[in-house]
Amino acid sequence: ADAASGDGGGAVASASSSKKARARDAKEAERKAKAEEKRRRDALKRARCIVDAFDGVKVFLMAGAFGDWVTKKRYRGLFHHVNCSGFGAHLLEDERLRGVLRPQAVLSAELGRNMTPLKEHQKKEFEKRVDRNAGVLGAVRVGSNLTMTDDNYNIGSFVPGGKTKVAPPPMAEVAVYLYEADKAEERSAAMKAKIKRDEEAEAQARAAEEEAKKKGAGGG
């Protein structure tokens, strides 16, 4: 009788546990469904605003070599905003870019967040390099956007095919800079001087390290 009672208790406990698990799964499914619906609503809202946001705006997709278009007269002092992809962020340090900018132009550059081959420390180093490049141009960083969009696919992502299931990489992180023509020369000179000081300090540190190694080897 005791054994039968024990088995019955186990069955009750098992059924209760299973019921809780189903309730938990249902709650999680509901949460995900609500989150997905919100994402869809937000994406639809952005899509509806695109036309209004671009009212009076002309977008140029610059193809070809940088040097081929940056010096053209038709682009002289034309752009209020220039956006550089992660692979084009190095162009920020090219002083020829100044020629196509309005006096209060805004620059934006993709950072390394969606470059999946890069390790975390490499992404941070990439971000520092982009900041330095913008400084050489004479622009100052005014902020960043860590989530440009929550859409499923963006620059750097791809649709997995076949049986391979690869999650899309994180969305782009973009740094925003302000180009003020009246301060650009001064800022550019200051950044170049800082870069030179940093390079000299690094060279001295390397030389000291090499000298210490030589002394250590000689002493051994």
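Predicted model: local features only at pLDDT ≥ 70, side-chain atom pairs only at ≥ 80, totals over all residues.
Local features require pLDDT of at least 70 and side-chain atom pairs pLDDT 80 or more, whereas totals for chains, interfaces and linings use all residues. Residues are numbered from 1 along each chain as its sequence is written, and side-chain values use heavy atoms, without hydrogens and water.

Helices (H or I, at least four residues) and strands (E, at least two) are DSSP runs numbered from the N terminus. The loop between α1 (2-53) and α2 (66-69) contains Val59. Together with Ile50, Phe54, Val57 and Leu61, Val59 forms a nonpolar surface patch with about 520 Å² of accessible area. Patch members have over 30% relative accessible area and no salt bridge, with nonpolar side chains joined within 5 Å; areas follow the Shrake-Rupley method with a 1.4 Å probe.

The second largest pocket holds about 260 Å³ of space. A pocket is an open set of points on a 1 Å grid where a 1.4 Å probe fits, with protein on both sides within 12 Å along at least five of seven lines; lining residues have an atom within 4 Å of a point. Eight charged and two nonpolar residues make up the lining, with no polar ones. Among them are Arg129, Met191 and Glu202. Helix α4 gives the most, six residues.

Two contacts are tabulated below.

| Pair | Contact | Value |
|---|---|---|
| Phe60 and Tyr75 | edge-to-face rings | 5.8 Å between centres, planes at 85 degrees |
| Lys34 and Glu30 | salt bridge | 3.5 Å, N to O |

Aromatic rings pair if their centres lie within 6.5 Å, and planes over 60 degrees apart count as edge-to-face. A salt bridge places a side-chain nitrogen of Lys or Arg within 4 Å of a carboxyl oxygen of Asp or Glu. Lys34 and Glu30 are four residues apart in helix α1, and therefore separated by about one helical turn.

Note on methods: Patch = residues over 30% accessible without salt bridge, like charges linked within 9 Å, V, L, I, M, F, W, Y side chains within 5 Å. Points joined across faces, edges and corners; volume = space filled by probe spheres on them. Nonpolar A, V, L, I, M, F, W, Y, C, P; charged D, E, K, R; others polar. Phe/Tyr/Trp six-rings, centres within 6.5 Å; stacked < 30°, edge-to-face > 60°.
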